Amino acid sequence: MVVRDVEFAVDEHGQAQFSGMRMTVDEFLSLPDDGGKYELVDGVVLMSPWPSPPHQKVAGEIFAQIKWFLRTHALGEVFMEIDVHLGRSPAGGDLVYGPDVIFVRSERVRSMHERIVGPPDLVVEVVSPGSRGRDTITKRGDYERFGVGEYWIIDPARDAMTFLRLQGGQFVEVNPNPDTFASHAVAGFVLDLKPIRDAFKPW
Amino acid sequence: MAADVLDTDVDERGHPCFAGLRMGVVEFLELPDDGFKYELVDGVAVMSPSPLPAHQEVAVEVAYQIKAFLRSARVGRVFTDIDVHLGAESSGKDLVYKPDVVFVREERIAGMAERIAGAPDLVVEVISRGSRRMDTITKRGDYERFGVGEYWIFDPQRSAMTFLRLVDGRFAEVTVRGDEFRSESIPAFVLDLIPIREAFKPW
């Protein structure tokens, strides 16, 4: 156990106290909350910047649309900012990401007691300044490899949305209609793109 | 991959661009400077918090004392904030740390063409906001495993100093009495602790 031997008091400055440390998924998920946002990349703890308000505005809009749809179509559960234990990376070491929004179908959620394990049916990442390389290369590759059904990459700074769907184990880009995107991962759900574009705009 | 990252991200100034990306040591050392301090832990780029002035004051004092000694005894070189490629894990994933101060003996520096590769004879880390666990657990273990001769850990917030020396492949703590520490990694060098304690104090 990496962290058991040291004091758990939040660090004097309250930040980044676990960044760079090696941990297993169990150690990682039992860390106390020190106010930082962490992910586990190949068994190495990584501190990520907390999302900015404009970023959250976009993520919140997408979450709300899916949530509203699920009220009348009980297909599964939608979450924001939740730890997802994808599994073990080929390089060794556990992989835990905290996507902006995920959706998991009911029959799969039931078997997940205390945490999300394995690929969600849908992952949404909103690109922040500085996260583009991670979202479009590293995470895209990982979500594909672990079998995420759909991966939506929403890039407010570039006024762009990319919708990827897993086909034969590979992500294929799906072009949306001008103002809507019809999801397969959330069966029957149609994402309204207009309010998302509105959320792209600065306040 | 480094090229893709460069294309997509280097224009976004003012944000850390490379945290969480997987890369080898060559890619890592060729990253453009985005203004943030990175280390490579098991092949994953991790951002470290930038040091506070009080931290830098301690690091500068230690480097200055060593530098002054080396003027008359040219037994090696001292560096601050330099990439040290310790080596690769058994899985092949690279480890690059950026210690506050390193010392490498003259006969070994001659074999290092463009970068510090392998274990320095001395590593100094000054604990700063959020780095206590990393410095005292993760890095301590790695410096020991890769064969760093001496590892000095300064902790301004706790007014503490720890001097570790490699004895038969394991770090042993060297007890310091009085106001000086006699190094073996830098033969005949004596560290004056009084100005270091002065630098611990808040302004």
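Trainee: Over residues 1–11 of chain B, where does pLDDT stay?

Mentor: Under 50. pLDDT is the predictor's confidence in each residue, from 0 to 100. This is a predicted model: local features need pLDDT of at least 70, side-chain atom pairs count only at pLDDT 80 or more, and totals for chains, interfaces and linings use all residues. Residues are numbered from 1 along each chain as its sequence is written, chains are lettered from A and ligands numbered from 1 in the order in which they are written, and side-chain values use heavy atoms, with hydrogens and water left out.

Trainee: How many contacts beyond four places in sequence does the model have for residues 1–11 of chain B?

Mentor: It has 21, where contact means heavy atoms within 4.5 Å. Still, where pLDDT is low, the predicted coordinates should not be read in detail. Chain A has such a stretch too: pLDDT stays under 50 over residues 1–14, with 34 contacts beyond four places in sequence.

Trainee: What are the mean pLDDT of chain B and the share of its residues at 70 or more?

Mentor: The mean is 89, and 93% of the residues reach 70 or more. Chain A averages 89, with 92% scoring at least 70. The model scores ipTM 0.79 and pTM 0.85.

Trainee: Why are α3(B) and α6(B) called roughly antiparallel?

Mentor: Set the angle against the cut-offs. Their axes come within 8 Å and cross at roughly 165°. Axes are lines fitted to C-alpha atoms, for helices over the stretch in contact, and angles run from 0 to 180 degrees between N-to-C directions. Under 35 degrees counts as roughly parallel, over 145 as roughly antiparallel, 65 to 115 as roughly perpendicular and the rest as oblique. So α3(B) and α6(B) are roughly antiparallel to each other.

Trainee: Which residues meet in α3(B) and α6(B)?

Mentor: B:A54, B:E57, B:V58, B:E61, B:V62 and B:Q65 in α3(B) meet B:P195, B:I196, B:A199 and B:F200 in α6(B). By class, that contact has seven nonpolar, one polar and two charged residues.

Trainee: What makes α2(A) roughly antiparallel to α5(A)?

Mentor: The axes of α2 (residues 53–72) and α5 (residues 193–200) of chain A come within 9 Å and cross at roughly 165°. That makes α2(A) roughly antiparallel to α5(A).

Trainee: What is the strand order of the open sheet in chain B?

Mentor: Six strands run β3-β6-β8-β9-β10-β11, with mixed pairing. Two strands pair if DSSP finds at least two bridges between them.

Trainee: Why is one side of β3 and of β11 of chain B left without a neighbour in the sheet?

Mentor: β3 (76–80) and β11 (170–173) stand at the edges, each with a single partner strand, so one side of each has no neighbour in the sheet. Neighbouring strands of this sheet are turned by 20° against each other on average, direction ignored.

Trainee: Over how many bridges do β6 and β8 of chain B pair?

Mentor: Three, in the antiparallel sense, between β6 (residues 101–105) and β8 (residues 122–126). B:F103 stands opposite B:L122 in β8(B). Helix α3 (residues 53–72) of chain B packs on the sheet, touching β3, β6, β8 and β9. Helix α6 (residues 193–200) of chain B packs on the sheet too, touching β9 and β10.

Trainee: How many residues lie between β10(B) and β11(B) in their hairpin?

Mentor: Two, and B:D168 in the turn has a positive phi of about 55°. β10(B) and β11(B) pair in the antiparallel sense over four bridges. B:L164 has B:E173 in β11(B) as its bridge partner.

Conventions. Ala, Val, Leu, Ile, Met, Phe, Trp, Tyr, Cys and Pro count as nonpolar, Asp, Glu, Lys and Arg as charged, and the others, Gly among them, as polar.
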